[in-house]
Amino acid sequence: MLVASTAAMVLAGPPAVATAAPPDQDGVRASVHTAGRVKDAGDVLQYSWPGVYFEGRFRGTGVGIVLDDPAADYDVQVDGATVATLVTPGRTTHWIDRLRDGVHTVRLVKRNDTPWSTSSFGGFVAAPGGAVLGRPAARSRQIEFVGDSLTAGYGNLSTSRDCTGEQLKRTTNADVSYGALTARRLRADYQINAYSGLGMVRNYNGGSPEVNYRTFYDRALLNVPGDVWQNPGTWRPKLVVVHLGTNDFSTPVNPGEPWTDESLAAAYRSAYGGFLQKLRARYGPATTVLAVGTGPFAGHVEQVVEERRGAGDRGVRYWRLDDTGLDHTGCHWHYSARDNRLLADRLTAFISDLPIRW
């Protein structure tokens, strides 16, 4: 993996010198398709969550990707194939050139979670003689994934469970997480609203007790207190998958934390029920909310779902995540790329049997 990371850095080296017209003057959003939580600043789109992607079309022999991001890594895909990995590209226009002259698709996807930083995308630009074309159509299906590091793809490309901070950054790829894989198999647009280390009420090992996942859920820019994502009206998922609880329960309660095992479980169930109600109020009765349970919190999630269904919310479903055969060889015992594929297989099969009216 270290070799692959080095190759990625070479691919993301100094951009070629070229001139091109600036992005569409009507704003970046007019020329790209994205389903992610972005803040439209006109000449740039800003964002923080992992897995945010931008899709475009152009005619010609090359395309430039306008970025301002000192923290995140990206994959660039042209005509469905990954042609470059950009490692913390900074402020740049990265060029992909020497393509066959013609019409091409281009996709930029943010690989890792960088909640302390704001990323900015300034659009696609065509090489001289070419043109950026109308944006690709949105997919008719939409899925939102809510979770922590397991959903973000934390260290899923690592070949070792032991990772330095640098190795973790380079080997995290939300684009091959179980959520992204499941969405693509179902031909759906998606959001991966995942934040590593956070739980429903308690974070990993009791850290940062003043916040939890729910503190950040409404934001587009995670490092901006009070920020609220403004849904442009196009995000209406018919399925929301919630996978939160590992950080709440995977470590024992430490001395000094305001929990007993019993009070933590009760607070978790109460907060989970409130979060499901929030999703129901936001997206309406036609959206299926799939609550994922596994390990020490499976029973709590199942109880919350039963209570919600008993109260009349038949659109809430429970999925017991089957971890049979998972190797957990990602960084720090997280899902590996193989694990993510297995989970995507299982989740896709389960979703396909749900009565969702896409």
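Let me start with the buried side of helix 7. In this predicted model, the buried residues of that helix are Leu264, Ala265, Tyr268, Ala271, Tyr272, Gly273, Phe275, Leu276, Leu279, Arg280 and Tyr283. Buried here stands for under 20% relative accessible area.

Now the helix as a whole. Helix 7 runs over residues 261-283, which is 23 residues. From first C-alpha to last, helix 7 reaches 33 Å, close to the 33 Å expected at 1.5 Å a residue. What comes just after helix 7? Gly284 does, with a positive phi of about 90°.

The unreviewed UniProt entry marks residues 145-304 as "domain: SGNH hydrolase-type esterase". In the model, that span is 36% helix and 13% strand, and its end C-alpha atoms lie 19 Å apart.

Next, the inside of the protein. How many cavities of 30 Å³ or more are there? The count comes to 1. The largest cavity has a volume of about 50 Å³.

Which residues line the largest cavity? They are Gly36, Arg37, Trp49, Pro50, Gly51, Val52, Tyr190, Gln191, Ile192 and Asn193. By type, the lining splits into 5 nonpolar residues, 4 polar and 1 charged. Arg37 is the charged one, because arginine counts as charged under the scheme used here.

Last point: where does the lining come from? Domain 1 (28-133) and domain 2 (141-353) each supply at least three residues to the lining of the largest cavity.

How values were computed. Residues numbered from 1 in each chain as written. Predicted model: local features only at pLDDT ≥ 70, side-chain atom pairs only at ≥ 80, totals over all residues. Heavy atoms only, no water. Helix = DSSP H or I, 4+ residues; strand = E, 2+ residues; numbered from the N terminus. Expected span 1.5 Å × (residues − 1). Buried < 20%, exposed > 50% of the residue type's maximum accessible area, 1.4 Å probe, protein only. 1 Å grid on protein atoms, 1.4 Å probe; cavity = no way out; pocket = protein on both sides within 12 Å on 5 of 7 lines; lining within 4 Å. Points joined across faces, edges and corners; volume = space filled by probe spheres on them. Domains from an automatic or database assignment. UniProt positions renumbered as here; feature names shortened; annotations may be inferred.
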